[in-house]
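Let's take a look at how side chains meet in this protein. We'll start with the nonpolar ones, then turn to the charged ones.

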Amino acid sequence: QVQKCTSEIRTLGIKCDELNSVSYYVKTAFMKALKKMNKEQKNKHYKEINEMFDELEKMTRKKVKLATQLYDSVDEDISAMDKTTKRLEAGSRRGHNDEELSRFR
């Protein structure tokens, strides 16, 4: 699951970067041509820019959700390892042999 989440986060990051670059050029072109555009053209470009930002926001939210899931998954794994370590240490102090301790692994 860790590998899947990191891969998805990486893929979304690349897509966000690409869309952000495209949106930068679209915004720049829009600002340069703004004075020459009629109302209909302005609205069309404004709508395109908003759609790009909506898509960027959607991907960013998905990245945050995946990162949170990844964090929770790793945190659960670490907690489980901590519990196992404590049981093994407690068993070791009580003098259990390796065979008895192996059931905790």
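## The nonpolar core

The largest nonpolar core has 13 residues, and Leu19 and Met59 are the ones that touch the most other members. Helix α1 (2-33) and helix α2 each put at least two residues into this core. Keep in mind that you're looking at a predicted model.

What does methionine 59 contact, once you set aside its neighbours within four places in sequence? The list is Leu12, Lys15, Cys16 and Leu19. As a bit of background, nonpolar side chains in soluble globular proteins tend to be buried together.

## The charged pairs

Now for the charges. Side chains of opposite charge can pair when their charged atoms come close. In this model, the count comes to 2 salt bridges.

One of them joins arginine 61 to glutamate 57, with 2.7 Å between the closest N and O atoms. Both residues sit in helix α2, 4 residues apart, which is about one turn of the helix. Arginine 61 is exposed, at 56% relative accessible area, while glutamate 57 is partly exposed, at 38%.

Glutamate 48 and lysine 44 form a salt bridge too, and here the closest N and O atoms are 4.0 Å apart. Why are these two about one helical turn from each other? Because they are 4 residues apart in helix α2 (residues 39-93). Lysine 44 has a relative accessible area of 53%, so it counts as exposed. Glutamate 48 comes in at 29%, so it is partly exposed.

Key:
Residues numbered from 1 in each chain as written. Predicted model: local features only at pLDDT ≥ 70, side-chain atom pairs only at ≥ 80, totals over all residues. Heavy atoms only, no water. Salt bridge = Lys/Arg side-chain N within 4 Å of Asp/Glu carboxyl O. Buried < 20%, exposed > 50% of the residue type's maximum accessible area, 1.4 Å probe, protein only. Core = buried A, V, L, I, M, F, W, Y, C linked by side-chain atoms within 4.5 Å. Contact = heavy atoms within 4.5 Å.
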